[in-house]
Amino acid sequence: MLRRRILLQGSVNRFYSTGNNYELLLHNAQENINQLLEKNDRSSYILAQYIPEPTRNAFLAIRAFNLEINKINVGGKNMGSIASKASIQMSNRLGVSTSDLKFKFWQDLLNKIFIEYNDDKDIGEPIAILLRDALRNDLNLDITYFNQFLSTRQHFLKTGGNFNSVNDICSYGEGTYSQLNYLTQGLLLSPSISPSAIKLLEYSPDLQSKISDIAAHIGQATAIGSMILGLNYYASKRNQIILPIDLMTKFELSQESVLRLCQGHIQDKQQQQDIREKLKNVVYETAIVANDHILTARDKLLKSKNEIKEILNQHPNDQLLIKSSKKWRKNIPDVIFTPFMVSIPTTLYLNKLEKYDFDVFHQKLQQKEWRLPWTSFKSYYQRSI
């Protein structure tokens, strides 16, 4: 089934404001989001250039939404932080934490823009302003994916952010990063953007399933890569270990030893080396699963290309498809392929991780990734991930 925006109210008359106030509001929101992503999520900022212009702002808003939600409860388990103290105090008095209130704020805000998408008022949140504008322009957005993302992230925080196995990280990835991928797919498959791609998918439920599966696999790989990348941050700043507990047990690596290593409490060089060697084994077996998801996504992408060829051969009289397909690179429409490009940063990190023997503390792994602009350009034209 093609993913469609869920309307929370009946049919209404569209109202499009062309006033200077709304245009200024929209411009300021665009600038805010662009600056946020350029500084904090440069990968999304770069990959946005491949998203068709009418949907680009909404794509940027979706990626910024991910950033903002991940900031919630920055105090984590660091009991000495201001955020953690405030949350504990509020939880003791009112039965809710500050993070609960922040999640509630976003849930209410999303409900508001999906219901009142024709409102011109400044709602004070650039992400919501851009998403609301997408809805005003009849672009596909599904609120259930946003809500699933919020629910999964909130559960992650409430349960302490521990994963018993790699499969648990994959489940977390399905509830977060895969939801963002589904949102992007739906966005680009808006009727005003891609009528030919929609027609293509309507001919084949199997093709629909494949592109959804690719988004799911990429989301799960992204989650694993993000947890490995964020290991040092979570351990040193939030006092959390986010690697699979079963693998740590397998290699006789305690959470306490990793916390002490990341927080600089171990001075003995030999002890540091012993912990790092065990940690390499855990990271290796964790990263293998992420790589498997990327390989599966690639395999399904290849099968999707072949299936598109078959559909075109089976419908030689469909002028919309035949005419549009002449512009498709490597036999696949932009709107179907470009959402898969979010896998590139994870692939680059996994390759670099392998190159440096899965040592997350290696100096080269701490450097910013400079290859994304060229790699994404090559990926786009070769239709590969």
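**Exercise 1. Find out whether E277 is buried, partly exposed or exposed, and which side chain E277 meets in a salt bridge.**

Step 1. E277 counts as partly exposed, because its relative accessibility is 34%; buried means under 20% relative accessible area, exposed over 50%, and partly exposed in between (1.4 Å probe, protein chains only).

Step 2. The partner is K280, at 3.3 Å from N to O. A salt bridge here is a side-chain nitrogen of Lys or Arg within 4 Å of a carboxyl oxygen of Asp or Glu.

Step 3. K280 itself counts as buried, at 16% relative accessibility.

Step 4. E277 and K280 are three residues apart in helix α15, so about one helical turn separates them. Helices (H or I, at least four residues) are DSSP runs, numbered from the N terminus.

A note before going on: this is a predicted model, in which local features need pLDDT of at least 70 and side-chain atom pairs count only at pLDDT 80 or more, while totals for chains, interfaces and linings use all residues. Residues are numbered from 1 along each chain as its sequence is written, and side-chain values use heavy atoms, leaving out hydrogens and water.

**Exercise 2. Work out which parts of the chain the salt bridge between D213 and K300 ties together.**

Step 1. The side chains of D213 and K300 meet at 3.6 Å, N to O.

Step 2. D213 belongs to helix α11 (residues 205–229) and K300 to helix α15, so their pairing ties together parts 87 residues apart in sequence.

Step 3. D213 is partly exposed, at 28% relative accessibility.

**Exercise 3. Describe the surroundings of R383.**

Step 1. Start with its place: R383 is in the segment after α19.

Step 2. R383 counts as buried, with 1% relative accessibility.

Step 3. Leaving aside residues up to four places away in sequence, R383 touches several residues, among them L301, K305, D334 and F337; contact means heavy atoms within 4.5 Å.

How values were computed:
Helix = DSSP H or I, 4+ residues; strand = E, 2+ residues; numbered from the N terminus.
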